[in-house]
Amino acid sequence: MNSPNVNPQKAHYEKVHDAYEKHYYDNSSLQYRREFIYTPLFKGFDLSGARLADFACGSGHNSIELRTLFPGISTTGYDISQAACEAYVQNTGGKAHQVDLTNPFTADAEYDAVLIVGGLHHCISNLDAVFLNIARVLKPNGYLFMVEPNEEFFLNSVRNIWYKKDKWFEAESESALRHDEILELAKAYFEPHSLSFFGGPAFYLILNSLITRVPLKAKPFLAPILFPLESLFNQLPGRSAFAAFRAVWRKR
């Protein structure tokens, strides 16, 4: 059961939902996700036949992609927005539950894996509760797959200013994350499996076209140019050059 406390992320997400859908799940953005998010994130894993909870599921696009990657996978959505949950059910044919991840809730099943793409950084008001919720729904030795903005990015101070000035953000309740800090928060439940950093020109101009104001019509022409550059950029060493990180943790 959700707390009566109002999470500002709920109203914000429902306000920007339609524009977000158009820019983050168009064909070019999905191509980016397949090449630079899903393929490296799930490298070495076979989730065929597994039960997966898609946290901050939105309209279900990540779940749909996972069903293509892993035949027989069963996905269930969890999202703060009722409209998103309804769209998830319509798009995937699966179940979806409206929950605020920053408050305790009871899941309808125990899962082999949890996926959260760009959802944790919207939950900074109570990350402790989020990690406890994830641990509760995961089976022992189950895996948490996550993709989040990287606070160690050398331009993060600029990003913080942008968060405050741009209507597409809710600056008071979202922020980039520092991987090692959130792992420290969750160390009672999880141990690290893998960590990688990414985010170059295509990250900004293709995946985040809503924020950078790139017209949708331009993206199919930009993608073939930017994707090879993205591959090269992501080979840079260290963490500070990259806007985002991919991480996999195993439940203890």
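**Sheet, helices and cores**

Biologist: Which residues does L115 touch, not counting residues up to four places away in sequence?

Modeller: This is a predicted model, in which local features need pLDDT of at least 70 and side-chain atom pairs count only at pLDDT 80 or more, while totals for chains, interfaces and linings use all residues. Residues are numbered from 1 along each chain as its sequence is written, and side-chain values use heavy atoms, with hydrogens and water left out. Contact means heavy atoms within 4.5 Å. By that rule, L115 touches L41, F42, L52, A53, D54, F55, N62, L66 and F145.

Biologist: Which residues have the most contacts inside the largest nonpolar core?

Modeller: A nonpolar core is a set of buried Ala, Val, Leu, Ile, Met, Phe, Trp, Tyr and Cys residues joined through side-chain atoms within 4.5 Å, where buried means under 20% relative accessible area with a 1.4 Å probe and protein chains only. The largest such core has 35 residues. Those with the most contacts inside it are Y32, F42, L47, L115 and F145.

Biologist: Which element gives the most to this core?

Modeller: Helices (H or I, at least four residues) and strands (E, at least two) are DSSP runs, numbered from the N terminus. At least two residues of this core come from each of α2 (27-41), β4, β5, α8 (201-207), α9 (209-212), α10 (219-233) and β7. With 6 residues, the element that gives the most is α2.

Biologist: What is the order of the strands in the open sheet?

Modeller: Two strands pair if DSSP finds at least two bridges between them. The edge strands, each pairing on one side only, are β3 (96-98) and β6 (190-198). The sheet has 7 strands with mixed pairing, in the order β3-β2-β1-β4-β5-β7-β6.

Biologist: At what angle do helix α5 and helix α7 pack?

Modeller: Axes are lines fitted to C-alpha atoms, for helices over the stretch in contact, and angles run from 0 to 180 degrees between N-to-C directions. The axes of α5 (residues 127-137) and α7 (residues 179-186) are 9 Å apart. The contact is made by L127, D128 and F131 of α5 and I182, L185 and A186 of α7. The helices pack at an angle of about 65 degrees.

Biologist: Which strands does α7 lie across?

Modeller: Helix α7 runs at about 20 degrees to β7. The strands that α7 lies across are β5, β6 and β7.

Definitions and conventions: Buried < 20%, exposed > 50% of the residue type's maximum accessible area, 1.4 Å probe, protein only.
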